[in-house]
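Me: Could you take me through the strands and helices of this model? I shall ask as we go.

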Amino acid sequence: MTAPQDSFVSVERHDNGVATVRINRPEARNALSMAIRRDLADMFNRLSVDAAVRAIILTGGETCFVAGADIREFAGAGPVEMYLRHTEVLWDAIGRCPKPVIAAVNGFALGGGCELAMHCDIIVAGESAKFAQPEIKLGLMPGAGGTQRLVRAVGKFQAMRIALTGCTFRASEALAMGLASEVVPDDRTIARAQELAAEIAALPPIAVAQIKEVILAGADLPLDSALMLERKAFQLLFDSKDQKEGAAAFFEKRSPVFEGK
């Protein structure tokens, strides 16, 4: 699987079931143009149904994850034009991807870049990474989850501060607020994301998919309903060959081999 030669999005597939998707538009600090959004959506749609891929890493460059949306593409746009773009469909390809997605963030993750990271399931940030939702400074507001995903990640009071001031905050603060999963030295960001992805890819894919689905769906349900959803998914897994393999390997004191069945 390769991206078109003129694409700013590439994918590298590894033998351990991990795929690394990289945004490479350094001259614009990886700003999200509509072309990049479409390429990302197409890439994630394909990886979502690829049985050989069990975990995905999403990253940018060594000095910049994504510094925001491409302002030149919407500065003079009207509301109907923005509506007709239906960018929510493009974002959903990432947010609804059934495979675990790990964002490896170095440098700037601003505006759409911060929102892109929040569409992932785990965020590994380099210690020099910087996050922000600066849309307010353009007379706008976040429009791709920067209010709703942010408040769910860090709570009302931090989300209000971040969105209303457009302030920039470092990786250590993101970790303390719950916006990052881990903070590592800048030169270890990709390596650590690869370690996590490889660890997850070696685990039973159906159970991994169910855990992701239940965590995301249950977050917006009343507790009783979420617990019922969890129980049903838990019970379903007892029909999988991987569950039987895991139990057998435990008793036989060997490493299990999970096939996603």
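**Sheet and helix packing**

Reply: The open sheet has 6 strands in the order S1-S2-S3-S5-S7-S10, and its pairing is mixed. Strands are DSSP runs of E with at least two residues, helices are runs of H or I with at least four, and both are numbered from the N terminus. Two strands pair if DSSP finds at least two bridges between them.

Me: What sort of model is this?

Reply: This is a predicted model, where local features need pLDDT of at least 70, side-chain atom pairs count only at pLDDT 80 or more, and totals for chains, interfaces and linings use all residues. Residues are numbered from 1 along each chain as its sequence is written, and side-chain values use heavy atoms, without hydrogens and water.

Me: Back to the sheet: which strands stand at the edges?

Reply: Strands S1 (9–13) and S10 (182–184) do; each has a single partner strand, so one side of each lacks a neighbour in the sheet.

Me: How do S3 and S5 pair?

Reply: S3 (residues 55–59) and S5 (residues 101–105) pair in the parallel sense over 4 bridges. Thr59 stands opposite Ala104 in S5.

Me: Now the helices. Which residues of H1 meet H3?

Reply: Met34, Arg37, Arg38, Leu40, Ala41, Phe44 and Asn45 in H1 meet Thr87, Leu90, Trp91, Ala93 and Ile94 in H3, contact being heavy atoms within 4.5 Å.

Me: At what angle do the axes of H1 and H3 cross?

Reply: The axes of H1 (residues 34–48) and H3 (residues 87–95) cross at roughly 40° and come within 8 Å. Axes are lines fitted to C-alpha atoms, for helices over the stretch in contact, with angles from 0 to 180 degrees between N-to-C directions.
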